[in-house]
Amino acid sequence: KVIIVGGKIFFFFKNSADFKEYKRLQKKAEEEKVDDIVVFLGRIDNARLAFSYRAADVFVVPSYYEPFGLVTLEAMANKTPVVASNVDGLATIIKHGENGLHFESRNALDLKEKILSLSQSKDLVSKLTEKGYKEVKEKAQDCVEMTIDFYSRLLNAEGTNYQELVKSGFKSRNEHLRYLTEVAAINEVLCRKIENRLKGRFEVK
């Protein structure tokens, strides 16, 4: 079966744009006579995500645009093989043939071939998932350390030009420092959440 996850399409949490896209895809599945094997789950809460990743044979990210792609890292953390379009952040995260597979964006035939290659080779699946899992564990900690280091250096930097601060909308160096402190704190929290999500809740025991 093809399981499509995402979008607020059911009950009280229904989003009009998501629901419209869901109906379009549902109609397309019916036209192609594959509606019996295509399942739309909508948005999945965090408590069920790990189970969903681990239950999948392949995780496909067919994005036309994807600046980062946290879901890709989550799939890798669960040792689920990833097939992703070769765009933006996905092209950086996935190293073709090493920790996942790329397919040409908007090319359904290429996507099919990549999925079939995984279904036909357990050795390839094992190679990709082990490498991806290892990289995710290492990068999660790197994310925290680099962010804290970056903002620490900014906060300790000397010689900030007051005129440049004024142009940026800050009334003083102290106001600028307060802003940087807040941003640093927010980023640290976000990175900690990412780290916990990838190395805790989503880690395969």
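In this predicted model, 3 bridges join strand E4 to strand E5, and the two run parallel. E4 and E5 belong to an open sheet of 3 strands, ordered E3-E4-E5. The protein chain holds 8 helices and 5 strands. Its 205 residues include 31% that count as buried.

**Overall layout**

- From the N terminus on, the elements run β-α-β-α-β-α-β-α-β-α-α-α-α.
- Take the contacts between residues at least 6 apart in sequence: 55% of them join residues at least 24 apart.

**The sheet E3-E4-E5**

- Pairing in this sheet is parallel.
- E3 (59-61) and E5 stand at the edges, each with a single partner strand, so one side of each has no neighbour in the sheet.
- On average, neighbouring strands of the sheet are turned by 20° against each other, direction ignored.
- E3 pairs with E4 (residues 82-85) in the parallel sense, over 3 bridges.
- Val61 has Ala84 of E4 as its bridge partner.
- Helix H3 (residues 70-77) packs on the sheet and touches E3 and E4. The direction of H3 makes about 165° with that of E3.
- Phe59 has its bridge partner in E4 too, namely Val82.
- The chain crosses from E3 through H3 to E4, a right-handed β-α-β crossover.

**Burial of E4**

- In a regular strand, side chains alternate between the two faces of the sheet.
- Both faces of E4 are covered.
- Val82 and Ala84 are buried on one side. Val83 and Ser85 are buried on the other.

**The pair E1 and E2**

- Strand E1 (residues 2-5) pairs with strand E2 (residues 38-42) over 4 bridges, in the parallel sense.
- Val2 is bridged to Val38 in E2.
- The chain goes from E1 through helix H1 to E2 in a right-handed β-α-β crossover.

**Helix H1 and its ends**

- Just after H1 comes Lys33, with a positive phi of about 60°.

- Most residues other than glycine have a negative phi.
- Lys33 has a positive phi, near 60°, and is not a glycine.
- Lys33 sits in the loop between H1 and E2.
- Is Lys33 buried or exposed? Its relative accessibility is 68%, so Lys33 counts as exposed, the cut-off being over 50%.
- Arg106 is not a glycine either, yet its phi is positive, about 70°.
- The loop that holds Arg106 lies between strand E5 (101-103) and helix H5 (108-119).
- Arg106 has a relative accessible area of 62% and is exposed.

**Thr129 in helix H6**

- Thr129 is part of helix H6 (residues 122-156).
- Is Thr129 buried or exposed? Its relative accessible area is 8%; the cut-off is under 20%, so Thr129 is buried.
- A polar atom of the Thr129 side chain lies 3.2 Å from the backbone oxygen of Ser126.
- Which residues does Thr129 contact, leaving aside its neighbours within four places in sequence? They are Lys79, Thr80 and Pro81.

Key: Residues are numbered from 1 along each chain as its sequence is written. This is a predicted model: local features need pLDDT of at least 70, side-chain atom pairs count only at pLDDT 80 or more; totals for chains, interfaces and linings use all residues. Side-chain values use heavy atoms; hydrogens and water are left out. Buried means under 20% relative accessible area, exposed over 50%, partly exposed in between (1.4 Å probe, protein chains only). A polar contact is a pair of N or O atoms within 3.5 Å; within protein, one must be able to donate a hydrogen and the other to accept it, and residues adjacent in sequence count only if both atoms are side-chain atoms. Contact means heavy atoms within 4.5 Å. Two strands pair if DSSP finds at least two bridges between them. A crossover is right-handed if, with the strands pointing away from the viewer, the path from the first strand over the helix to the second runs clockwise. Axes are lines fitted to C-alpha atoms, for helices over the stretch in contact, and angles run from 0 to 180 degrees between N-to-C directions.
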